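Q: Please take a close look at one part of this model, the salt bridges and the elements they connect. I would like one connected account.

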Amino acid sequence: MRDRMWLPAGLRLRPWESSDVPVVLEAFAEPVMERQADAPITTAADAEEWIQRRQNQWHQEVAYGFAVTDSTNMALGGVTVGNLNSQHATGWISYWTTSAARGKGMATHGCRALADWCFADLGLFRLELGHRTDNPASCRVALAAGFAPEGLQRQKLAYDGVRYDVEMHARLAADPQPR
């Protein structure tokens with residue numbers, strides 16, 4: 001199983017490393033990102049624990065998280081496949097970017113490469129993802145990475161007393177490659 005991939009625009013995918021602590025800490029300090037972490041990340045120790053959880057998940061084969069880096073090996077964001085189901089050959093995709101990387105195609109390239117890796121290296125057939133409907137940038141990433149919209153989950157998420165709809169997308173191994 002590959003753990004490094006080279007993408008267009010000089011980007012790369014690689015497993016998370018301890019050297020990524022400053023990027024993780026800075027990224028999850030943003031208000032738009034703080035809900036995306038599985039635990040609060042407010043200190044370097046929190047960021048190190050977040051990275052360690054990604055590494056442990058990889059070794060336990062329950063999720064595979066990659067840093068998306070530039071040509072200097074600086075992390076610009078991440079892509080992950082989790083909720084793996086071997087019986088049905090399915091997984092759940094997530095992605096995020098640092099504020100400096102947003103709008104530059106990094107998430108799209110990373111998501112496409114991760115999907116291809118899931119089909120080729122993990123033997124998955126169906127990949128799913130969801131985004132809040134008030135996040136059109138995430139929808140653009142999903143569509144550009146070849147994930148077709150499949151429906152709406154009404155008021156699925158609740159943050160600060162507000163309920164949000166989630167649009168679901170999926171990509172199949174049998175789908176054509178995105179342009």
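Is Asp160 buried or exposed, and what is its relative accessible area?

A: This is a predicted model. Asp160 is exposed, because its relative accessible area is 71% and the cut-off for that class is over 50%. Its side chain meets that of Arg35 in a salt bridge, with an N to O distance of 2.4 Å. Asp160 sits in the loop between S7 and S8, and Arg35 in the loop between H1 and H2, so this pair ties together parts that are 125 residues apart in sequence. Arg35, with a relative accessible area of 32%, is partly exposed.

A search of the whole structure gives 12 salt bridges. One of them joins Arg2 and Asp121, whose closest N and O atoms are 2.9 Å apart. This pair also links distant parts of the chain: Arg2 belongs to the segment before S1 and Asp121 to helix H3, 119 residues apart. Arg2 counts as partly exposed at 38% relative accessibility, and Asp121 counts as partly exposed at 25%. Another salt bridge is formed by the side chains of Asp134 and Arg132, at 2.9 Å from N to O. Asp134 is partly exposed at 42%, and Arg132 is partly exposed at 22%.

Helix H1 (residues 21-29) has Val21, Val23, Val24, Ala27 and Phe28 as its buried residues. They are on the same side of H1, because they cover an arc of only 165° around the axis. Pro22, Glu26 and Ala29 are exposed on the other side of H1. The buried residues of H1 pack against helix H2 (44-60), strand S4 (75-85) and strand S5 (90-97).

Helix H3 (residues 106-121) also contains Thr108. Thr108 is buried, because its relative accessible area is 14% and the cut-off is under 20%. Apart from neighbours within four places in sequence, Thr108 is in contact with Val141, Ala144 and Ala145.

How values were computed: Residues numbered from 1 in each chain as written. Predicted model: local features only at pLDDT ≥ 70, side-chain atom pairs only at ≥ 80, totals over all residues. Heavy atoms only, no water. Helix = DSSP H or I, 4+ residues; strand = E, 2+ residues; numbered from the N terminus. Buried < 20%, exposed > 50% of the residue type's maximum accessible area, 1.4 Å probe, protein only. Contact = heavy atoms within 4.5 Å. Arc of directions from axis to C-beta. Salt bridge = Lys/Arg side-chain N within 4 Å of Asp/Glu carboxyl O.
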